[in-house]
Amino acid sequence: MKMPKNDIAMNNDFGADKLHEECGVFGIYSPDTADVASTVYYGLYALQHRGQEGCGITVNDDGVLHTHKDIGLVNEVFTHEVLKSLGQGNMAIGHVRYGTTGGRIRENCQPMQVNHVKGPMSIVHNGNLTNAATLKRSLELGGAIFHTTSDTEVIAYEITKERLVCPSIEAAVESAIKTIDGAFSLIVMSPTKLIGVRDKRGFRPLCYGIRDDGSYIIASESCALNAVGAHFVRDIEPGEILLIDKTGPHSIKTHCKQSETSMCVFEYIYFARPDSIIDGVSVHDARLKAGAFLAKSHPAEADVVVGVPDSGLDAALGFARESGIPFELGFIKNKYMGRTFIEPGQSNREDKVRIKLNPVPTAVKGKRVVLVDDSIVRGTTSRRIISLLRDAGAKEVHMRISAPPFLNPCYYGTDVDSREHLIACNHTVEEITEIIGADSLGYLSIEDAKQLAAGSGMNFCTACFSGEYPTDLPDLNMNNRFEHKISENN
């Protein structure tokens, strides 16, 4: 049995070793007054995988906006009484958050509501701006007072500033997004309009659909449309502004095709739910393809293939199909157990890993196991999972990762932090193999990662693997924000 070379990173929190999702956005425009808050509630439930730190809903009741938001999961924040207190309306938007910038406080939860001389506005945002610090300085010099440390407030100020000179909210949005750069999928709600916006590079997904009752839905992923009975219409294009009002949907494409697209490839590898379709490509199929690529590039002599629930299961199935090695359900995940990183700093986190994830002894005992997971960040999680397999009697464990090694921080809304915390920056593959206690280790190549969703017609951002960033990098103030985030998570 392989023994770890040293105890590097073993004292780090389990939660810090897995990538954290960005955020999820959801909105509804109903032709009639209805219980739109409940629709958003179910939509956010379907998007809970994109953020478990906080959530919120704003309901539009004939131009009067009612917002409730707080730290916690959707079902914790929105009790029956809270949903009832939001009342009825014909529009509503909602958000689930994992904060890649800004602190873990209620004020940074979304939606962000703004009361303005031209009327109230509520906004939700998925992504990170790369020029947020520069814009914030300029706005503060112009008299703006910020109440949060979130990029979303910067976007809100830019829109309201343009609203003073623009004839409509959609014109203000169209003008404002000329100044902001980076990753942003937005939903903006005015007293009479619902607006979906996707940045010109298409970093983050956004789509819309329609229900049989005539309601239009905008959401981060198509799985949220399914959850509320909506029929998928299409993805919102990179750079597109989709306006929905009483006359239906209208598309503004002045910002489309202004630059090459750079969809985050990790949406297909890990972030999105496998039942979602993003830019015309099934997430499930993309992960099957990742597993098949791994079987070709890093074959193993083994008896079973096992995936780490949940995000490693599809790739493990793809590996098994391509290699001909039987697929086994090697772990049972306790679905009633909360995600461990939600409770940072607790001394019993390692015990919680065992409660959350338990091997099936008869599936792995005495066998050579191919273990497939989506990523290795610091190495602590992989080492613990491999240890569980060893304790259950696995004879060999061959680790396969359906992503390339993380070598660089992400500035677009994924929680890949500084290089010093990334195990692949400090160790060779051979060293990592020994550290995590595996018999062998293989990563997906960057070239294969770019082919996972080849049918989408999109180019992909692989900066966290390659260091090739599609935008200018943030200034020093933005880097300080990342350092602040890291200190809060540890």
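Q: How does helix 4 pass helix 5?
A: Helix 4 passes helix 5 in a left-handed crossing. A crossing is left-handed if the near helix is turned anticlockwise from the far one by less than a right angle, and right-handed if clockwise. Helices (H or I, at least four residues) and strands (E, at least two) are DSSP runs, numbered from the N terminus. This is a predicted model: local features need pLDDT of at least 70, side-chain atom pairs count only at pLDDT 80 or more, and totals for chains, interfaces and linings use all residues. Residues are numbered from 1 along each chain as its sequence is written, and side-chain values use heavy atoms, without hydrogens and water.

Q: At what angle do helix 4 and helix 5 pack?
A: Axes are lines fitted to C-alpha atoms, for helices over the stretch in contact, and angles run from 0 to 180 degrees between N-to-C directions. Helix 4 (residues 132-141) and helix 5 (residues 151-163) pack at about 50 degrees. Their axes are 10 Å apart.

Q: Which residues meet there?
A: Contact means heavy atoms within 4.5 Å. From helix 4, Ala132, Leu135, Lys136 and Leu139 meet Asp151, Val154, Tyr157, Glu158 and Lys161 in helix 5.

Q: In what order do the strands of the open sheet lie?
A: Two strands pair if DSSP finds at least two bridges between them. Here 7 strands run in the order 3-2-4-1-10-9-11, with antiparallel pairing. Strand 3 (64-71) and strand 11 (231-235) each have a single partner strand, so one side of each lacks a neighbour in the sheet.

Q: How many bridges join strand 2 and strand 3?
A: Strand 2 (residues 54-61) pairs with strand 3 over 8 bridges, in the antiparallel sense. Asn60 stands opposite Leu65 in strand 3.
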